[in-house]
Structure formats: C-alpha cells, structure tokens
Amino acid sequence: MSDSAFLGMPAFPAAARAATGDAQLRHNLRKATHTIRDKRASVVGELDDWPVLRAAGAAIKDRTLRHLDTYLVRLEESVRAAGGTVHWAADAAEANRIVTGLVQATGETEVVKVKSMATQEIELNEALAEAGITAFETDLAELIVQLGDDHPSHILVPAIHRNRAEIREIFLRTMRDWGVPAPDDLTDDPRALAEAARVHLREKFLRAKVGVSGANFAVADTGTMVVLESEGNGRMCLTLPETLISVVGIEKIVPTWSDLEVFLQLLPRSSTGERMNPYTSTWTGVTPGDGPQDFHLVLLDNGRTDVLADTVGRQALRCIRCSACLNICPVYERAGGHAYGSVYPGPIGAILTPQLRGTSSELDASLPYASSLCGACYEVCPVAIDIPEVLVHLREQVVDGPGHRAEKAAMAAAGWVLDDEKRLGAAQRAASGARGLVPHTLPGPGSAWTDTRDVPEIPAESFRQWWRRRNKGRDKGGAE
Amino acid sequence: MRVALFVTCLNDTLFPRTGRAVVRLLERLGHEVVFPEAQTCCGQMHYNTGYRREAQKLAVRFVRTFGDADAVLAPSGSCAAMVRDNYRRLGAPGSRLAEEAAALAPRVYDLSELLVDVLGVTDVGAYFPHRVTYHPTCHGLRLLKLGDRPTRLLSAVRGLDLAELDGAAECCGFGGTFAMKNEAVSAAMGSDKARHVAATGAEVLCAVDNSCLMHIGGTLDRSRSGVAVLHLAEILASTEQEPARL
Amino acid sequence: MSGSRETVLAKVRAALADVDPAERAEDVAVPRGYARSHDMGDPVAVFVDRLVDYKALVRQVAAAELPGEVAAALERRGAERIVAPADLPAAWTADVGTGTALVPDDGLGVRELDTADGVLTGCAAAVAETGTIVCDGGAAQGRRAITLVPDYHLCVVRAEQIVGGVPEAVARLDPARPLTWISGPSATSDIELDRVEGVHGPRTLEVIIVGA
C-alpha cells in the first residue's frame with residue numbers, strides 16, 4: 001500500500017487535535033454521522049434475523065479466506081470462461097502498470113471511474129496521469145474530492161467533511177477547468193448540486209470508451225462481478241464504454257452466487273442505511289450486444305497476503321467497506337478521516353492500514369491507539385470483525401518494536417508494583433502520604449490529563465488499609 | 001451468600017469509598033464479603049495498551065487468588081469485562097491460564113448482575129433523595145450486556161428521580177491510556193458527555209465504573225457544573241441513617 | 001499475460017500455513033438459518049410501500065387495463081419519443097396515442113438514447129421487501145443501456161414476478177446474464193448524508209404492477 005499522498009502526515013494524535021479545534025468540520029461530521037447512524041439502526045432493526053445474517057456473512061468470508069488460493073484459481077477460470085481476461089498484481093506498482101498498459105492499448109487518453117477503494121489505495125489516477133491519461137471520478141463525493149484537490153475522508157462518502165456551502169464553492173470555482181462549468185446561479189441546495197454534477201459528467205459518460213471500476217464482490221463459481229451504487233454513475237461506467245477494467249482486491253471473493261443473498265442484505269442496510277441501494281450491477285465476463293466487449297479483471301494483493309498471514313488480524317479482510325464502523329465511531333466523529341492518513345479511515349482503517357503498510361512510520365504506529373476501545377464498531381460491523389481485539393493485538397506488535405521507551409519503563413514499573421500486594425500497599429501509603437502535595441495542574445505528561453480535567457483527590461486510606469483496620473477492630477470485638 | 005470482593009486497583013487506591021459501600025450494601029442484605037488480600041489488578045491497563053506479558057502475569061495472579069470463589073464481585077464494569085472477555089485471549093488455547101480463566105469467568109460479576117441475577121434483588125432498601133442520571137459505560141453496555149439491570153436497581157431506590165441521559169450509549173472518551181495518548185479527542189468526547197449530563201438537570205451522575213466517572217467527573221468539575229459523580233454501589237448503599245456523601 | 005499469478009498464489013498459501021491441509025472449504029460452517037423472506041405482509045403491498053418510500057411512481061392495474069395505463073402514463077409524462085426493447089409485447093402499447101412515438105432499440109447510439117424522453121420495459125423479477133426491480137436483459141427488457149440513459153423509466157411488473165425477500169430473488173436469477181437491480185430512481189446521499197433523488201440514472205421511475 002503506497003498512499004504517498006499521505007506521506008509526511010503527523011501521527012494520529014496531532015492531526016486529531018487539529019481536527020477537534022475545527023468547529024466547521026466537527027459540525028459537518030457530527031451532523032452526517034448521526035444522520036446515517038439513525039438510518040442504519042432503523043433498517044437493521046427491521047430484520048429479526050440480522051444476527052444470523054451477520055454470522056453467515058462472517059462465516060462466508062472466513063470460508064473464502066481460509067481457502068483463498070482455491071477460490072482465486074476458481075474465479076480466474078470462470079472469468080476466462082465467460083470471455084474476460086484476468087491479470088494478477090502483487091503490488092500497487094504492478095497493478096498501475098497493468099491498467100495503464102490496458103488503457104494505452106485502446107488508444108484512449110481518458111477513462112471514467114466508478115468509486116473504488118482499491119484504485120484509490122494504489123493511487124491509480126496519479127499513475128495514469130503520469131502516462132498522460134486523465135481519469136474522471138464520477139461518484140459525486142469523489143468528484144467533490146477530485147475537483148477540490150482534496151483527500152477522501154470517509155469510505156462511503158469521501159467528501160463527508162464538506163458541507164453544502166463548501167461543495168457549491170468548489171463546483172463554481174473548479175468545474176470549468178474540467179469540462180462543463182457549473183451554472184452561475186448555482187445554489188447550495190443538494191438537488192441543485194446533484195444536478196450540476198449530472199450535467200458536468202453527462203458528456204464524459206456519453207463519450208467514454210474505457211471504464212475503470214472495483215467490485216464489491218467477485219463470485220468464484222460463476223465469475224460474476226458485483227458493484228453496488230446509488231447515483232447511476234456506476235452503471236454508466238460499467239455499461240457504456242467499450243473496455244472495462246476492474247481492479248479487485250483478492251479478499252473480495254465470495255464462493256457462490258447464492259452467497260450474495262447474505263451480502264445484498266448486509267451491505268446496503270449497514271452502509272447507506274437503505275433497505276437496498278438504488279442500483280446494483282452484476283456482470284459475468286462479456287455479453288454480446290450488451291455492455292463492454294472487452295473485460296479485464298486485475299486481482300490485487302498489495303499487502304493483503306500479509307494481513308492474511310496474521311491469524312488474529314486476518315479477520316480485517318472480511319471487511320465489505322460499508323462504513324458502519326466509521327459512522328458509529330466517537331473518535332472518527334471528532335478526529336475526521338484525514339487524521340488516519342490513509343484511504344481507509346476510522347476503526348477499520350486503524351486496523352487495516354497498519355497491517356497493509358506496517359507500523360514503521362510514526363503515523364502508522366499511532367493508528368492502533370486511535371480508539372478508546374468502546375466496542376461500538378464491533379457491534380455494528382455486519383461481518384463481525386472484532387476491531388477492538390485486533391487493535392489490542394496491533395498495539396502488542398507496536399510495543400514489541402522499538403520506541404515507546406518512557407511508556408515501557410512506566411508499564412514495567414506498574415507491573416512490578418501490581419505483581420505483589422505488599423508493594424501495591426506500600427505504593428498506596430506513599431501516595432496517601434503525599435496527597436496534599438498533588439497540584440491541580442500536573443506538569444509534563446500529566447498535563448495531558450489536567451489540561452481539561454481535574455484530578456481526583458487521593459484518599460487518606462486505601463480500601464485495603466480500611467479493611468485491615470476494620471477486621472482488627474472486629475477481632476478485638478469493636479465496631480467498624 | 002459468600003461473595004469474594006475484587007475491589008480493583010483503581011478503587012482500592014483512589015476510590016475506597018466504593019469498596020466500603022459494596023461491603024455495607026451486601027452485609028445489609030445479609031451476605032458475607034471476603035477480601036482476598038493477595039489481589040492487586042486484573043491487568044486491563046497493560047492488556048489494552050499492548051503489554052501482554054505483564055497482563056498475563058496479573059491474570060495468573062487473579063485466577064490463583066479467586067479460582068475457588070463461589071462468586072467474584074468486581075465493582076467496575078471494565079475490570080469484570082477484562083476477566084470475562086479478555087482472559088481467554090491471554091492464555092494460549094489449552095494452556096492452564098486459558099482453562100482456569102474459562103472456568104472462573106462465569107462466576108465473575110458486576111454489582112448489578114450480582115444483585116439482580118445471583119441474589120435476586122432489585123429493591124435493596126436504599127434511600128437517595130436526588131435527581132440522578134445514569135451513564136451505561138461501554139464495557140457495561142457492550143461486553144457485559146448489563147441492559148436495564150442498573151436502572152432497575154436505581155428506579156427502586158426511594159426518593160430517587162432518574163433522568164434519561166441523551167447519547168447515553170456513546171463512549172465518554174476515557175479509554176484508559178487513550179485519555180493520555182489521544183488527549184484532544186478524549187477531552188472532546190468527555191466535554192460532549194459532560195454537556196449531556198448537565199442538560200439532564202441531575203445532581204448526580206451514576207455509573208458502574210469509577211474510571212469513566214473519574215474522567216467525566218474531572219471534566220464536570222473543571223467546568224464547575226456542580227454535578228457530583230457516584231458509583232452505583234454508593235447510591236445503593238445509601239440509607240436515611242447513612243446517606244451517601246455527595 | 002498473468003502478471004504475478006504464481007507469486008500471489010504462493011504468498012496466499014504461505015499465509016495460510018495455520019490451516020490444516022485436510023480442511024475443505026465446506027468444513028467452515030456457514031449458518032443458513034436466516035429467512036428466505038421476512039413476514040412483512042402481502043408482498044405486493046410491501047413492494048408498493050417501498051417504491052413509494054423511494055419516491056418512485058406506482059400504479060396497480062388488472063391485466064386488461066395495462067394498455068390503457070401505459071398510454072396514460074406516457075401521456076402524463078408528455079413523452080414524445082419512448083425507447084422500447086425490440087421484443088416488447090405489442091399489446092402493452094396498443095393504446096398509446098399518436099403523440100408518442102415508440103422507438104424500437106435496434107442498437108441505438110448513446111446520443112439517440114440521451115435524446116429520448118424515456119424507456120418502457122418489463123423486468124425479470126422484483127423483491128417486495130427492498131422495493132427492487134431486477135432486469136436481466138431477457139424478455140421485454142433489452143440491453144442495459146436503454147434503461148440507463150433516458151431520464152424516465154416506465155417498468156411493467158407482473159404480480160407473480162414479485163418475491164418476498166432477497167434470497168428468493170437471488171435463487172430465481174441467472175448470474176450468467178448481466179443484471180441490474182433497480183431500487184427507486186437514482187439517488188445520492190453524498191451531500192451531508194441526506195438522500196436526494198435523481199442523479200445520473202433515470203430521475204423518474206414509474207412502475208405499473210399488473211394483476212395484483
């Protein structure tokens with residue numbers, strides 16, 4: 001995973017601190033995440049078999065992952081049998097090379113794109129630009145990010161950090177540089193903004209010869225690709241061009257067609273909080289007379305096999321990119337997506353990014369700590385990824401690495417004191433003896449607490465001292 | 001019933017009045033409380049921060065100290081959840097720690113579970129004439145699944161006026177070392193929680209975990225809100241004769 | 001060209017060293033106790049409720065009333081040029097007035113589709129619980145582009161095509177065909193996560209349910 005756009009970003013706590021001070025951002029995020037939370041809760045609550053669907057979703061993904069080699073080969077065979085071509089990419093550079101070559105072979109210099117996390121992860125647009133190929137993002141939120149020369153901050157709604165007034169400003173300022181300009185009298189009514197995007201992109205859809213997509217699911221048995229979307233931009237990109245190139249992570253496989261009966265219920269309800277998203281497209285290879293006649297599937301590893309090798313962290317590969325964990329997360333709501341320094345923000349990003357990229361950078365090593373371990377993410381995850389468990393597991397890896405010297409010393413000291421009740425008792429007596437000396441505002445690392453919170457008073461007597469005193473009194477026949 | 005009290009290191013050191021309230025409450029209800037003195041800490045802070053080896057040592061000590069108890073009461077939702085939910089991850093499958101932890105886990109209770117499920121009581125004869133709001137805490141809500149046990153206990157307290165807390169299910173932002181490592185986000189979460197608490201008009205915020213209360217209470221105190229924080233045990237122990245100290 | 005096929009497969013196999021080689025995929029149990037459809041009442045009524053929720057237009061008619069209703073819908077819309085798949089049953093459009101020209105899809109270009117006022121099709125199946133119509137390119141449906149580019153989609157659904165839940169629909173459909181699952185008009189939630197109907201796909205979806 002390269003994510004060079006995020007190189008040099010500060011560690012999570014510093015970026016998050018800046019975000020918590022941005023009142024507009026906090027307002028935007030709070031409004032959006034609370035809206036979607038409530039919608040999700042309502043449509044999930046409608047299905048009394050949700051726990052079974054969730055368990056089935058997790059199990060289907062586990063089945064796939066534990067036998068991924070078998071399913072990859074099966075998928076390759078079925079896609080080929082249906083008239084598609086299959087490519088394998090070990091990393092981002094190879095995937096970008098393959099896609100660039102395929103576009104160049106068509107002689108085209110423009111592609112239209114369906115929102116895809118995999119192509120963002122490998123920074124395909126940048127790679128294509130270097131080869132003189134312009135990639136037009138067609139999802140509304142992706143368009144907002146692309147026009148605003150911005151970074152995505154959410155998996156489902158990459159421009160969630162922007163409100164309607166900001167979007168209007170971006171459209172008015174930039175659309176003319178990319179094609180059809182926004183109307184001068186554009187208002188910030190979401191309907192008007194959606195209409196401006198429709199008009200702006202229409203021309204691009206109608207002339208596009210090459211489409212680039214990802215896939216939400218790839219069915220091994222049948223070779224069928226599945227894309228869920230809302231706006232119809234996906235259908236445009238998947239249907240109108242002559243050539244279609246789909247870049248798909250190797251973990252996106254489901255074994256059989258009927259397994260979709262589970263995910264087509266789990267994903268829309270968890271993601272947009274709808275009973276069903278407006279459009280789902282499925283295609284199997286090529287269909288004469290209907291849609292692209294040249295289909296290429298690029299299977300992407302790019303660190304996924306490293307995640308697969310970790311028996312605790314492996315469950316992160318079940319992820320179906322619904323964003324429910326972001327929308328419920330109190331840390332995401334306040335820190336915003338950019339603080340996570342990756343195309344995968346929020347709780348899932350905090351466990352996926354350090355596994356895909358490693359924890360050698362300060363930013364990546366800080367991600368497993370970007371959580372209060374409140375467990376809300378695990379509760380809403382439609383494929384039951386125990387995100388807190390993986391966070392703690394990754395913290396253990398960070399602790400086993402270099403750095404954190406002061407913390408390690410403090411933890412070792414605390415461990416030593418707590419490993420013996422007599423040492424603990426002695427430490428409590430020492431603290432009680434010094435209780436009058438503790439100031440309200442602590443210096444150094446302690447200020448991280450006292451900048452915003454008062455410290456509790458240290459009691460004159462620990463519980464254990466009280467218990468002894470009480471029992472001594474009782475032995476002598478006295479009262480408490 | 002004979003109840004082994006795991007008071008927790010935080011309560012032992014900083015909030016002994018919660019431990020004393022538990023003892024007073026259970027003895028008032030006719031039960032015996034024992035305090036195995038070899039106890040120290042469940043290892044939650046070490047485990048959650050990534051210090052597995054230190055956590056393992058403390059888990060071994062806990063299992064050794066409490067292994068024979070009929071019922072272990074941990075008046076801290078997160079510590080009870082640590083023992084019940086995380087000890088199984090600390091020992092390798094089939095190891096002695098894993099087996100002993102699995103055997104002990106069903107006998108470890110939070111206070112509301114012990115009272116409602118084991119001792120079969122919701123009206124503990126308490127008196128607390130104040131407006132109270134209840135924060136469910138993440139571990140109590142999502143790992144222990146305490147449900148309405150604590151609020152059923154509170155509703156049965158004479159004189160108590162229970163106010164509903166907006167955004168109750170949302171984390172207060174404590175999260176152990178999270179409060180220090182990500183102090184800005186932690187403080188932002190804490191101030192939102194404190195704002196919701198203040199909006200209830202309650203005089204007292206109640207929870208089953210003093211670590212969360214230390215964080216929210218510290219935030220409330222800093223803003224001079226005048227809202228006191230009390231562990232559930234202290235409210236349930238409160239009577240006309242011996243009222244809880246606000 | 002296969003790129004790094006062997007490299008990736010070797011890394012996958014190495015990563016799965018903990019999986020017993022004797023384990024078969026079917027050994028990983030998948031609980032299948034979820035519902036084929038949920039008990040939400042009369043499927044047609046539920047289907048109508050969901051379509052209305054999506055802000056689609058819905059009419060229910062007896063079979064004999066279909067031609068009249070198709071004509072009325074197109075007249076309400078003021079549609080002058082309506083694309084139709086080549087195999088659309090002639091009876092459906094028997095009452096269409098002279099104000100509307102039917103344009104059979106004999107491989108229309110995207111520009112021609114873009115200037116049409118709408119499209120009239122049938123469907124392969126429909127899902128009550130989710131308010132979904134599925135087109136598979138089969139009878140009376142045509143290729144995918146014709147239900148995508150025009151701004152208005154008039155779709156005829158026979159009552160017996162409506163199943164209760166998603167699993168029942170998945171079982172009915174043939175994955176070898178290109179499928180489009182349509183749940184209401186195109187929409188977006190990308191601005192402040194507020195749903196707005198009408199983006200790139202047809203901004204108006206009208207459904208006529210026959211034989212309810």
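How many bridges join strand E9 of chain A to E9(C), and in which direction do the strands run? In this predicted model, four bridges link strand E9 (residues 279–284) of chain A with E9(C), and the two run antiparallel. Within this pairing, A:Thr280 stands opposite C:Trp181 in E9(C).

UniProt, in an unreviewed entry, lists residues 74–296 of chain A as "domain: LUD". In the model, this span is 43% helix and 20% strand, and the C-alpha atoms at the ends of residues 74–296 of chain A are 16 Å apart.

Chain B is described next. Chain B holds 13 helices and eight strands. Its radius of gyration is 17 Å, close to the 18 Å that the globule rule gives for 246 residues, so chain B is as compact as a globular protein of that length. The C-alpha trace of chain B spans about 50 × 45 × 30 Å along its principal axes. Of the 246 residues in chain B, 59% count as buried. Among contacts in chain B with a separation of 6 or more, 76% are between residues 24 or more positions apart.

The domain assignment divides chain B into domain 1 (2–118) and domain 2 (131–237). The centres of domain 1 and domain 2 of chain B, taken over C-alpha atoms, are separated by 22 Å. Contact between them involves 25 residues of domain 1 of chain B and 22 residues of domain 2 of chain B. On the domain 1 side, at least two residues each come from helix H1 (9–13), helix H2 (16–28), helix H3 (44–49), helix H5 (77–90) and helix H7 (111–118) of chain B. H2(B) gives the most to this side, with six residues. By class, the side of domain 1 of chain B that touches domain 2 of chain B has twelve nonpolar, eight polar and five charged residues.

Notes
Residues are numbered from 1 along each chain as its sequence is written. Chains are lettered from A and ligands numbered from 1 in the order in which they are written. This is a predicted model: local features need pLDDT of at least 70, side-chain atom pairs count only at pLDDT 80 or more; totals for chains, interfaces and linings use all residues. UniProt positions are given in the numbering used here, feature names are shortened, and annotations may be inferred rather than shown by experiment. The radius of gyration is taken over C-alpha atoms; the globule rule is 2.2 Å times the number of residues to the power 0.38. A residue is buried if 20 or more other C-beta atoms lie within 10 Å of its own, exposed if 12 or fewer, and partly exposed in between; C-beta atoms are placed from the backbone. Two residues are in contact if their C-beta atoms, placed from the backbone, lie within 7 Å. Domain bounds come from an automatic or database domain assignment. Ala, Val, Leu, Ile, Met, Phe, Trp, Tyr, Cys and Pro count as nonpolar, Asp, Glu, Lys and Arg as charged, and the others, Gly among them, as polar. Two strands pair if DSSP finds at least two bridges between them.
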